[in-house]
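Please read these notes with the sequence and the model side by side. They start at the ligand and then turn to the sheet.

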Amino acid sequence: MSPLPVARAEIVVDLAAIRHNVRTLRELTGVPMMTVVKADGYGHGMVEVARAAREAGSEWVGVATIDEALALREAGDTGRLLCWLTVPGEDHAAAIAAGIDVTAYSLAELHEIEDAAGVVGRPARLQLKVDTGLSRGGAPMSTWSDVVAAAAAGERDGTWTVTGIWSHLAASDEPDHPANDAQEAVFRDALDVAEAAGLRPEVRHLANSAGAILRPSARFDLVRVGLASYGLDPAPGHTPDLGLRPAMTVRATLAQTKPLAAGASVSYGHTWTAETDTTVGLVPVGYADGVPRHASNVAQVLVDGKRRAIRGRVCMDQFVVDLDGDLPAPGHDVVLFGPGRDGEPTAQDWAEASGTISYEIVTRVGGRMTRRYVDK
Ligand SMILES: *Cc1c(COP(=O)(O)O)cnc(C)c1O
């Protein structure tokens, strides 16, 4: 028998953790759940995460682009599915034909969707996004009554069914930020305008992970939960302990270990110098694999049961860790981050060390790493 292949570096995703998180969040919020699986499931694998989320009772799945939504349909997902980010000329017809809910931000987009529904010969499932203060995508309140009137007219003539009206929060991770109350008030006004125009959508939704957890009044008919489904904390310092389980572990295999003499400097630019004799290990992943270069000299990994500091700069394909005099054999396991149960750092630790958020840590990791699924 040939030996088990050893992955040089891999992302291990625990699908049982995803199901646990989706169930926990669904029970907590008490409203239907949309699990957000855009950006390849925040780096966890879009198709596999969507399947796990459906198994755990997620009524909806959300993605950014039509391409992502079509890929889910191709993989066999048949449930309620919303996408929300297009540019002019995208293939709305394919989305309509696949029963995907599309989102319009403007009259121009409504016209494109109308044409596409005509081509397909069946009504679109249409959601409208109103900009309540994030000032990102969505219809500004100055155009909202026109957008709503056009949507109502299209519904009357059978072009589409308006299935949802929604918006997105700017500061849900800061529960006391005044934008939360302000946006919720604008959203309620926008819903009144839509209702007055005769729209009766299936779902009205505003909250992402932090909004869903921290702001019951923002839950409406549906919550769009991304980060928390992956077991990560959407509002560090504010989120109560919900027992969510981080689903992603990133591990690598130690490529080399060796002694390093006091006075020797490590990696490009020699930004770290050994003050005493020590030992170092070579970890075969770098910024081309999504390891942030900002983690240079600040983040830690777990080797042989101990936290080890990154020394010197993270390179494209590799970085060096301080083994503090230990000399484990090459082939040893290196855990960059995981749930944190065995002493390894978490994605949140890496985010804090690198000056970013855990969203970016898990989403960017990849490159040449392979992905493996477990179900613990
Ligand atoms: C990404 C995204 C979400 C999910 O946000 P989380 O903070 O990860 O829960 C929800 N809604 C929209 C519109 C998004 O773009």
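1. The ligand has 14 residues around it, and the nearest are Lys38, Tyr42, Ser209, Leu227 and Tyr359. A residue is counted as near when one of its heavy atoms lies within 4 Å of the molecule. The model is predicted: local features need pLDDT of at least 70, side-chain atom pairs count only at pLDDT 80 or more, and totals for chains, interfaces and linings use all residues. Residues are numbered from 1 along each chain as its sequence is written, and side-chain values use heavy atoms, with hydrogens and water left out.

2. Polar contacts are pairs of N or O atoms within 3.5 Å. A side-chain N or O atom of Tyr42 is 2.5 Å from an oxygen atom of the ligand, and for Ser209 the side-chain distance to a ligand oxygen is 2.5 Å. Gly226 takes part through its backbone, where a polar atom is 2.8 Å from an oxygen atom of the ligand. The ligand taken alone exposes 390 Å², of which the protein buries 95%; areas come from the Shrake-Rupley method with a 1.4 Å probe.

3. UniProt, in an unreviewed entry, places "domain: Alanine racemase C-terminal" at residues 247-374; such annotations may be inferred rather than shown by experiment. This stretch is 12% helix and 35% strand, with its end C-alpha atoms 10 Å apart. Helices (H or I, at least four residues) and strands (E, at least two) are DSSP runs, numbered from the N terminus.

4. Two strands pair if DSSP finds at least two bridges between them.

5. Asp14 has Val374 in S20 as its bridge partner.

6. S16 and S17 are antiparallel, with 4 bridges, and Val301 is partnered by Arg308 in S17. They form a hairpin with 2 residues between them, and Asp304 in the turn has a positive phi of about 55 degrees. S17 also runs antiparallel to S18 (residues 319-322), through 2 bridges; here Ile310 has Val321 as its partner.

Technical notes. A polar contact is a pair of N or O atoms within 3.5 Å; within protein, one must be able to donate a hydrogen and the other to accept it, and residues adjacent in sequence count only if both atoms are side-chain atoms.
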